[in-house]
Every structure is written in structure tokens, then in C-alpha cells.
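Here is a short report on one protein structure. Take a look at it before reading on.

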Amino acid sequence: MSILSIENLHFAVGHHALLDGVFLNMDAGDKIGIVGRNGSGKSSMLKIIAGKMPPDDGKISIQNGLKTVFVPQEMPFDKHASVFDIVSSGLGEIQGDLQAYHHLSQKLAHNPHDEKLLKQFQQVTDKIDLQDGWAADAIVAKFLTAFRLPENGLVQALSGGQKKRLALAWAFVQEPDILLLDEPTNHLDIDAIGELEQMLHNFSGSLMVITHDRQFLDSVVCRIAELDRGRLKIYDGNFSYYSKRKEEELAAEETHNRLFDKFHAQEEAWIRRGIEARRTRNQGRVKRLENLRRERLQRRERQGNMVLRLDKGDAGGKIVAELESVSFSYENQTIINNFSAVFQRGDKIGLIGKNGVGKTSFLRLVLGELSPQVGRVRLGLRNQVAYFDQMRSTLDENETVFRTIGQGNDFVEISGKKRHITSYLGDFLFEPQRLQSPVSSLSGGERNRLLLAKLFTQPANILVLDEPTNDLDIDSVEVLENCLQEYDGTVFLVSHDRRFLDNVITSSVVFLGNGELKEYIGGYEDYKSAQTRELATQKTFRQPEKTVVANDNRPKRSLAKLSFNEQRELNALPDEIDELEQQLADLQQQLADGSLFKQDYQKALHMQEEITQMEQVLEQKIDRWTVLESKAEALKGS
């Protein structure tokens with residue numbers, strides 16, 4: 001049953017139509033991912049649905065009695081308010097009494113015998129009792145814990161990731177029927193993104209989300225709504241299935257346009273022939289040409305992709321940096337404790353860990369900007385570093401786009417060749433009329449593209465990228481991926497985009513906490529698989545402490561072989577794993593088709609649950625095989 005419908009929605013900025021006749025129906029329990037290029041109107045559409053801004057034309061209908069909650073990219077919280085006050089502000093009438101109760105509780109903690117405070121506390125407690133308000137208080141506590149938020153902390157003291165979690169907690173506390181999220185993964189670390197995914201899996205309401213995180217989309221949504229050149233097109237299924245369908249459609253569209261343009265050119269040539277031909281021309285053919293001209297005029301050209309070319313600079317030496325038993329800490333935090341590593345030219349290293357764990361400090365040590373307190377860092381020869389700062393601090397808000405790149409010059413030199421700045425910025429999707437705009441007027445995605453454009457004017461054999469995908473659309477993220485894959489230099493990448501990490505890095509340095517760092521070969525999924533195997537092995541081989549018995553003359557027993565049942569299990573596991581993987585692939589293929597969501601939505605949801613259960617069983621069998629195989633190898637060597 002449709003709970004939200006959009007009919008013929010129109011919205012334009014100036015003469016540019018962002019929404020040009022948009023239609024959409026959302027059913028109960030739907031989880032829809034909205035994708036599209038930066039500036040295509042995704043956020044505007046969500047704001048219109050949420051009632052934050054009016055459309056130019058069209059109709060939005062939401063089923064009576066349903067609560068809709070919208071979380072924009074940046075929430076305008078009062079910086080002097082407490083975390084509890086913000087989260088509880090979504091509760092309605094009871095919020096004032098609960099906030100008073102918590103404020104009085106804090107005051108009484110310091111003045112437990114203050115008669116006036118005690119009287120006020122009792123009055124507020126009685127009011128909450130009368131309203132059955134403790135259940136609401138428990139809901140607030142639940143989400144404060146779930147999002148790891150400091151109840152009495154002030155908004156102004158929170159990090160970017162904490163503010164994002166605060167906004168999400170505020171939304172979930174309201175128990176909405178329809179949840180609208182605009183880039184909810186921005187500023188969240190990988191663990192927090194995983195926790196949000198799980199919450200959305202358990203969320204019983206309907207969801208509409210804008211995000212560039214492809215793995216998040218694959219994990220959470222069951223339909224993709226693509227906003228492209230003012231039109232909204234719906235694809236049943238996950239993001240991976242949408243990508244395949246979209247690639248096929250674009251190829252077909254390109255072929256159609258090429259044939260159309262050829263035919264149009266032939267008709268134009270015919271009508272422009274000599275006087276004799278014009279006298280005898282077929283009037284039906286003339287009208288057809290007029291229709292062709294109108295169709296060509298109305299055709300919306302798809303925006304191109306960024307074109308990225310990196311100048312790798314001086315080849316430099318083989319070693320970029322060598323760390324020997326390095327330790328470093330601040331007053332109250334150990335960043336690195338006795339870590340050694342060698343980073344070589346051409347390595348692509350991902351830094352993985354929670355926000356605030358010390359990844360930036362680690363980079364500064366590797367680049368020689370900080371000195372270790374213990375140990376030694378040896379830097380390579382002729383290192384040329386280009387740094388992408390997620391805070392975009394190198395951009396001058398008052399400078400124009402043109403001057404940001406040229407610094408007063410009309411040309412930049414890329415790989416020894418001069419290019420006009422207008423042409424160069426065109427590679428980063430900046431229209432000529434946009435070049436004189438101040439940086440302060442740019443959107444988040446435009447700022448990221450400008451910073452990349454500035455970064456790539458520098459010859460560099462080392463790229464340091466701190467959250468480069470924030471605010472970029474999916475197409476631009478994929479272009480950046482391809483560019484980094486082909487780059488011959490060294491990359492240090494800080495990112496919470498798991499698929500981006502998997503597609504770019506060749507190894508990872510994982511921050512496990514308390515200064516413990518560990519290297520893993522491969523991408524993020526490789527690290528998670530290796531970690532799972534390590535935990536399984538540790539659990540199996542953890543032995544109880546031996547009790548030493550004096551004068552124990554009993555003969556020493558040699559290590560036993562695998563039992564008959566264990567050996568039989570070990571022999572059978574590979575076939576069982578292969579069979580499970582095949583079954584899982586078949587189910588995923590059926591679900592990815594997308595048609596199942598339209599034909600039988602409940603069956604599709606059941607199939608998703610079945611896939612999740614099978615993945616867990618598969619992981620258990622792989623872990624069990626690892627344990628038995630390790631045990632067998634250990635026995636061989638004994």
C-alpha cells in the first residue's frame with residue numbers, strides 16, 4: 001500500500017530545471033536509495049518531500065497520521081545545548097519535563113541537600129509519572145547508548161562524527177514512519193556506518209536515503225531512484241543490479257543518439273540542396289525535419305565525468321618511509337606503540353580506524369612533520385607530497401574558482417604541458433560561467449572537485465588523501481578510483497568508504513586502539529577476513545595454564561592426531577563450502593534481478609534474511625575449516 005506519492009513534481013533554480021515532472025510511489029517498509037550527480041536536485045527533492053521548501057508545481061501526498069522525519073547533511077543545532085536536550089527534543093510535549101528532570105539531577109549531584117532543588121525535583125518527577133514519561137526517557141537513553149553519545153556533553157564540544165550521530169539519534173528517538181536521510185554516512189567512521197546499517201535493517205518504517213556509499217546502498221536499500229536530468233527513474237533491486245542496468249541503458253542511449261544525429265544531419269543536408277530540389281521537396285519530409293529539430297533541442301545531454309590526470313613527479317627512491325619500533329603519544333592518548341613498517345614506492349596504503357584514533361598524527365610521522373618519541377623514522381629520497389585535506393583548509397573562501405587554480409595566471413602546467421585553466425577546470429565539471437564564482441558559493445561536491453583540481457596541478461610521487469570522497473557523487477568517486485588505480489606513485493588513503501578502499505588500496509594499517517597498529521595485505525574486506533581467522537585461531541589454541549606437579553614421573557604423551565570425526569569433518573568442509581557459496585550466489589542473483597521486489601515484496605525480504613543467515617553459516621564453516629586445517633598443520637610439524 002502506498003504511503004507516500006509524488007505526482008508531476010517540478011522545481012527549478014533560475015532557468016535550470018532540477019525536477020522536471022517527477023513521479024514516485026513509496027510503499028510501507030520501502031527502503032529507497034536516491035542517486036544522481038552532484039547538483040542534480042537530490043537534496044532539493046528530499047527537502048520538498050519533508051515540507052522544508054515548496055515545489056514550483058506538482059503534488060505530494062502522505063498517508064494521514066504518519067510521522068516524517070528529515071535529517072539534512074548539516075543539522076542546525078544550538079551549540080550551547082546539551083546532547084540530552086537535543087535528542088529528547090524530538091519527543092513532543094514530554095521533552096520539557098524530561099529535560100528539567102535531567103538538569104535538576106545534575107544540580108542535585110553537587111547540592112544533594114538543597115531543599116528548593118529537592119522540591120522542584122519531586123514536582124517534575126510526579127509530572128513525568130502522570131504522563132507515563134519514563135518510557136520516553138528510556139528511549140532517549142537507548143539511542144544515546146546506541147550512538148555512543150555523552151549525555152551531558154555540549155554540542156559545541158562534539159566532533160563532526162559525533163554531531164552526525166547526534167542528528168541520527170534525534171531522528172530515531174521520534175520513531176518515524178518515514179525517515180529521510182541526506183548523506184548520513186558523512187563524517188562517520190567504518191564502525192559507526194556498520195552500526196547504522198544494522199539499525200536501518202531493524203527499522204520497521206520506510207526509508208529514503210541519499211548517499212554515495214555504494215556498499216551502504218547494497219546493504220540497506222531494496223530500490224534505487226536515480227535522478228538524472230530532471231527525471232526520476234526507479235530500479236527494483238540493490239545498487240549493484242542498478243549499476244549493471246544503467247550501464248546497459250547508457251550504451252543503448254549512446255547508440256540511439258548517434259543514429260538519430262546521423263539521420264538528422266542527412267535530413268538537414270537534403271533540405272539545404274539547390275533551388276530545384278527545394279521546389280520539389282516533400283512537405284511531409286519537411287515537417288518530419290521540423291520534428292527532428294524539436295526533438296534534438298529537447299534532448300537532455302548527460303553530464304560528463306571528471307577527467308583526472310596525475311603528474312607522478314620525480315620517481316624518487318624505492319623506500320618512501322621506514323618506521324623502526326616507533327612510539328608516539330599525546331598527554332592522554334597513545335597513538336603508536338612500538339610499530340615497525342616499510343612503505344615502498346607504488347604502495348597504496350589504507351589507514352583504517354575510528355575517528356580520533358590518531359590517523360592524522362600517524363601520517364605526519366610518516367611524512368616527517370612529527371618526530372617519534374621512541375624509535376626512528378627514515379624518509380625516502382626526493383619525496384614530493386600532495387595533501388588532500390578533508391577540511392579543505394587550503395581553499396580561500398574569498399578567492400574565485402579561476403584564481404584558486406591559476407593564482408593570477410591563465411595557464412597551468414600538467415606533466416610538462418601547458419593548459420588553459422578554463423579547459424583544465426572543464427575536466428573537473430566546472431562550466432566557464434562558474435569560474436568567476438567565489439569559493440564560498442560552491443557546494444560541498446564542487447569544493448571537493450576544486451580541491452582535487454588544485455591538488456593535481458602539483459607534481460607528486462606521494463598522494464595523501466584524507467576522506468577524498470566526501471560530497472562526491474558516485475560517478476566522480478568511480479573516476480577517482482580509476483585514476484588512483486593507474487597512478488604509479490604512493491598513496492596514503494584515509495577513508496570510511498569500504499568499497500573505495502577495496503578498489504584502491506593494496507595494504508592497510510589498522511588502528512586497533514591503545515596504540516596498537518597492525519598491517520594487512522589487501523583491502524578492507526581482506527583485513528576483515530584475516531581478522532576473523534585470527535580470532536578463530538586464538539580461540540581454538542588458547543590453552544589453560546598448566547599446573548606444575550613436582551616429581552611427576554609419568555611418561556610424556558605425544559601430541560595426538562586429529563580425531564576420526566575431526567578428520568572426516570575437515571575432508572567434507574571444502575565441498576560444503578563450495579555448495580553453500582553456489583546456493584548463496586543463486587539467491588543473490590534472484591534478488592539482484594529486481595523484479596522480485598515488485599512481484600512479491602515479502603518474499604524478497606524473506607530472501608534477504610535467508611541470504612544473511614547463509615552468509616553467517618558460510619563464515620562459520622570457513623572459520624571451522626581454518627581451525628581444523630591449522631591444527632592439522634601444527635600436528636604435522638610436531
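This is a predicted model: local features need pLDDT of at least 70, side-chain atom pairs count only at pLDDT 80 or more; totals for chains, interfaces and linings use all residues.

Residues are numbered from 1 along each chain as its sequence is written, and side-chain values use heavy atoms, with hydrogens and water left out.

**Salt bridges**

Side chains of opposite charge can pair when their charged atoms come close. Here a salt bridge means a side-chain nitrogen of Lys or Arg within 4 Å of a carboxyl oxygen of Asp or Glu. How many salt bridges does a search of the whole structure find? The count is 23. Three of them are listed here.

| Salt bridge | N to O distance |
|---|---|
| Aspartate 475 and arginine 37 | 3.5 Å |
| Arginine 499 and aspartate 218 | 3.0 Å |
| Arginine 229 and aspartate 228 | 2.8 Å |

Start with the pair of aspartate 475 and arginine 37, which form a salt bridge. Aspartate 475 lies in helix H16 (residues 474–486), while arginine 37 sits in the loop between strand S3 (31–35) and helix H1 (42–49), so the pair ties together parts that are 438 residues apart in sequence. Helices (H or I, at least four residues) and strands (E, at least two) are DSSP runs, numbered from the N terminus. Are aspartate 475 and arginine 37 buried or exposed? Both are buried. Buried means under 20% relative accessible area, exposed means over 50%, and partly exposed is in between (1.4 Å probe, protein chains only).

Next comes the salt bridge between arginine 499 and aspartate 218. Arginine 499 is in helix H17 (residues 498–504) and aspartate 218 is in helix H8 (residues 214–220), so this pair ties together parts that are 281 residues apart in sequence. Arginine 499 is partly exposed at 21% relative accessibility. Aspartate 218 is buried at 18%.

Arginine 229 and aspartate 228 also meet in a salt bridge. Arginine 229 counts as buried, at 19% relative accessibility. Aspartate 228 is buried too, at 14%. Salt bridges that share partners join Glu226, Asp228, Arg229 and Lys246 into one network.

**Backbone angles**

Most residues other than glycine have a negative phi, and most peptide bonds are trans. Asparagine 8 is not a glycine, yet its phi is positive, about 50°. Asparagine 8 is in strand S1 (residues 2–13). Its relative accessible area is 34%, so asparagine 8 is partly exposed.

Aspartate 471 also has a positive phi, about 75°, and is not a glycine. Where is aspartate 471 placed? The answer is the loop between strand S17 (462–466) and H16. Aspartate 471 is buried, with a relative accessible area of 14%.

**Single sites**

Threonine 185 is in the loop between strand S6 (178–182) and helix H7 (190–202). Threonine 185 is buried, with a relative accessible area of 6%. Which residues are in contact with threonine 185, leaving aside its neighbours within four places in sequence? They are Ile193, Thr211, Asp213 and Phe216. Contact means heavy atoms within 4.5 Å.

Glutamate 619 is in helix H21 (residues 601–637). Its relative accessibility is 43%, so glutamate 619 counts as partly exposed. The C-alpha atoms of glutamate 619 and arginine 533 are separated by 9.8 Å, and these residues are 86 residues apart along the chain.
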